[in-house]
Amino acid sequence: LPSVDLILQTLAMRVREMILALSDLLLAGTLFVNAGAVLNFKLPSPRESLEIESELTVRDRAIVLVQSLRVFRIVIAMWNMFMLLLMVVWFP
């Protein structure tokens, strides 16, 4: 039978791996949101002729998403500062 010390070391290693995977996901998500928020070219407006939202194409939905990200640039900037703090303090 494995000793209690070995079991605790294995458990601690697994927890550390899960925390690092979580930090990777948070960082990747932050980078994608930043990329959408800082796009600085004129986006075409989605087609106005469609009355039902379910008929929007994937392109139209992507345009709406990027336009909504532009509105929240201040919130995204504060999130970036929070992520920097986490990278320094929590996930060294």
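Read along the sequence, the chain follows the pattern α-α-α. That makes three helices and zero strands, where helices (H or I, at least four residues) and strands (E, at least two) are DSSP runs numbered from the N terminus. This is a predicted model, so local features need pLDDT of at least 70 and side-chain atom pairs count only at pLDDT 80 or more, while totals for chains, interfaces and linings use all residues. Residues are numbered from 1 along each chain as its sequence is written, and side-chain values use heavy atoms, with hydrogens and water left out.

Now for the chain as a whole. Of its 92 residues, 16% are buried; buried means under 20% relative accessible area, exposed means over 50%, and partly exposed lies in between (1.4 Å probe, protein chains only).

Next up is α1 (4–37). With 34 residues, α1 reaches 49 Å from its first C-alpha to its last, close to the 50 Å expected at 1.5 Å a residue. The expected span is 1.5 Å times one less than the number of residues in the helix. Buried in α1 are S23, T30, N34, G36 and A37, and the buried residues of this helix pack against α2 and α3.

Then there is α3, which covers residues 73–89. Buried in α3 are I76, M83 and L86. They cover an arc of only 70° around the axis, which puts them on the same side of α3; the arc is that of the directions from the helix axis to the C-beta atoms. An α-helix has 3.6 residues a turn, so residues three or four places apart point the same way. The face turned away from the buried side of α3 carries the exposed residues I74, M78, M81, V88 and V89. Covering the buried residues of α3 are, among others, α1 and α2 (58–71).

I76 gives a closer look at this packing. Its relative accessible area is 11%, so I76 is buried. Leaving aside residues up to four places away in sequence, I76 touches V33, N34, A37 and L69. The C-alpha atoms of I76 and N34 are separated by 7.2 Å, although the two residues sit 42 residues apart along the chain.

Methods: Contact means heavy atoms within 4.5 Å.
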